Amino acid sequence: MTANVNSIEIKNASEQNGYVVEMKHLKKSFGNNPVLRDINLVINKGENLVILGQSGTGKSVLIKCIVGLSDLDEGKLIIFGKNVSDLTNKEQIEIRKKIGFLFQSGALYDSMTVRENLEFPIRRQLRSTPKEKINSMVLEALKNVGLAEAIDKTPSELSGGMRKRLGLARTLILKPEIMLYDEPTTGLDPITSREINNLILDVQKKYNTSSIIITHDIDCARMTANRIIVIKNGVCAAEGSYSDLQHSTDPWIKSFFE
Amino acid sequence: MQQSQNENQAVEIIPENFSETISDSVFKKFFLEVSSLTIFTLRFFQELFKPPYEFNEIIKQSFLIGYKSLPLVAITGFIIGLVLTIQSRPTLAKFGAESWLPAMVAVSIIREIGPVITALIFAGKVGSGIGAELASMNVTEQIDAMQVSDTNPFKYLVVTRVLSATLMLPVLVIFADGVGLLGSFVAVNIKGNVSAYLFFSQIFQSMEYKDLFPAVIKTFFFGFAIGLIGSYKGYNSNKGTEGVGKAANSAVVFASLMVFVIDMIAVQITSLLQN
């Protein structure tokens, strides 16, 4: 599959009744160490937003705040037009059901088979789903990532790329509207990385998901990004398309693309 | 002269308030650990009575924790019964009280040795297993993934394991006691010829409910402490591979220590009640 991100039409936010995710003056510290100082960004419907930055700049913390794994110190996080801090616990859970998270390590449950890994989120979130329906959802998700033959294997029997694809299948099985990818190609060879990048684009096309992709992999950014944000010292230092940032006059930003 | 110079150098290297700093940090660490464990325990009771109840996971964990520990507990119990009988026989024989052997061994096994040794074996196998499993789940972000899947990881992982350990250890102890008495019967028959009927009727005649009940009740506390400490160490481990080893190790050490502390308290309470 060729990655022609420009062919994916990104509609203007105003035409889409607002942004999918909006962050206003987000701040987060760990002890005396401020990680996110003042983050302001938006994500449009159907858009792939890549976030670049050096290690330890809080990129992963940023997406963990969206999914509720980390609490914010200050600022507003608005998801689907609703300020998360104004919502009750139950409402926050309902909103977060529409968000998928692909962990850096895949985060597969070692004690479960591939099938059980995929059944787990369905059984937890769609409790009354009949067994036949669960089975067909599992098979469809595995076919989408090309892992149908691995259904009865355990995660320890899978390669790094297969684990990543399985992690993606598990995340997509509930058809989330927002996808958060935490370094999806880290530790993979170039061919497998390209496969994962193509899967990210497939997901965007097929389900019209909005995605945030945290990465250090410049090939991943080039292939998947509609827009890129670079984080430096806890703030958004630059924003633009891949080619905009590649030709930036700022030597620090340019150094990412060399 | 040389020695005096070395001593002076050592004094210069070590800061003046070195011992105070060390003792401060040790005390601080100790109290932080105690407060953290207390909060963890309170959270356990809070989550225990809150729906949804994870019955399937409790049954699965009970199978893994209880059924899978049977062979190890059986071997240990049999050897304890056998060795205790062989070691006690010469002393009792000196006083001409060899006929008291089954009763003496039974009381020792049921009241003290059976519960404590089984609990220590359980701490080594199950406590370390829970610690290592939860710590590795923590390192590989599996606990975070559960949270994202609308699952309360504390309830799903900790409550189920602690509950299973609390319920399974008493069963294992009763089983180990039985196998221990069987080992004792074998040992008695190595140097003699005592029928099973005579051996076990002597045991039942010498036993009272007050021997059995306190011993079984304290095993619930042993199981609870082992499950809780294993879960606490694993769930709060450092996010690194080193954290997995540390969690498993400290779970065994701390849980074994707690078994002795609980045993000491249980013995005091039992003797107070019996007086």
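Which residues in α3(A) meet Leu166(A), Ala169(A) and Arg170(A) in α5(A)? They are Val114(A), Asn117(A), Leu118(A) and Pro121(A). What you have here is a predicted model, in which local features need pLDDT of at least 70, side-chain atom pairs count only at pLDDT 80 or more, and totals for chains, interfaces and linings use all residues. Residues are numbered from 1 along each chain as its sequence is written, while chains are lettered from A and ligands numbered from 1 in the order in which they are written. Helices (H or I, at least four residues) and strands (E, at least two) are DSSP runs, numbered from the N terminus.

**Domains of chain A**

- Where they touch, domain 1 of chain A puts in 12 residues and domain 2 of chain A puts in 11; contact here asks for C-beta atoms, placed from the backbone, within 7 Å.
- On the domain 1 side, the most comes from helix α6 (residues 190-207) of chain A, with 6 residues.
- That side of domain 1 of chain A divides into 8 nonpolar, 2 polar and 2 charged residues. For the bookkeeping, Ala, Val, Leu, Ile, Met, Phe, Trp, Tyr, Cys and Pro count as nonpolar, Asp, Glu, Lys and Arg as charged, and the others, Gly among them, as polar.

**Helix α3(A) and its partners**

- Helix α3 (residues 114-125) of chain A packs with helix α5 (residues 160-172) of chain A at about 30°, and the axes are 8 Å apart. Axes are lines fitted to C-alpha atoms, for helices over the stretch in contact, with angles running from 0 to 180 degrees between N-to-C directions.
- α3(A) and α5(A) are therefore roughly parallel to each other; that label covers angles under 35 degrees, with over 145 roughly antiparallel, 65 to 115 roughly perpendicular and the rest oblique.
- The crossing of α3(A) past α5(A) is right-handed, meaning the near helix is turned clockwise from the far one by less than a right angle, with anticlockwise being left-handed.
- The contact of α3(A) with α5(A) divides into 5 nonpolar, 1 polar and 1 charged.
- With helix α4 (residues 131-144) of chain A, α3(A) packs at about 120°, the axes being 10 Å apart, and the pair is therefore oblique.
- α3(A) and α4(A) also make a right-handed crossing. Arg115(A), Leu118(A), Glu119(A) and Ile122(A) of α3(A) make the contact with Ile134(A), Met137(A), Val138(A) and Ala141(A) of α4(A).
- The α3(A)–α4(A) contact has 6 nonpolar, no polar and 2 charged residues.

**A hairpin in chain A**

- Strand β1 (residues 21-30) and strand β2 (residues 33-43) of chain A pair antiparallel over 7 bridges; pairing needs at least two bridges found by DSSP.
- Ser29(A) has Pro34(A) as its bridge partner in β2(A).
- The hairpin has 2 residues between the strands, and Gly31(A) takes a positive phi near 65°.

- Helix α4 (residues 70-94) and helix α7 (residues 153-188) of chain B have axes that come within 7 Å and cross at roughly 40°, so α4(B) and α7(B) are oblique to each other.
- The α4(B)–α7(B) crossing is right-handed, and its contact residues divide into 18 nonpolar, 7 polar and 1 charged.
- Between the chains, 10 residues of chain B are in contact with 13 residues of chain A.
- The chain B side of that contact divides into 2 nonpolar, 5 polar and 3 charged residues.

Key:
Two residues are in contact if their C-beta atoms, placed from the backbone, lie within 7 Å.
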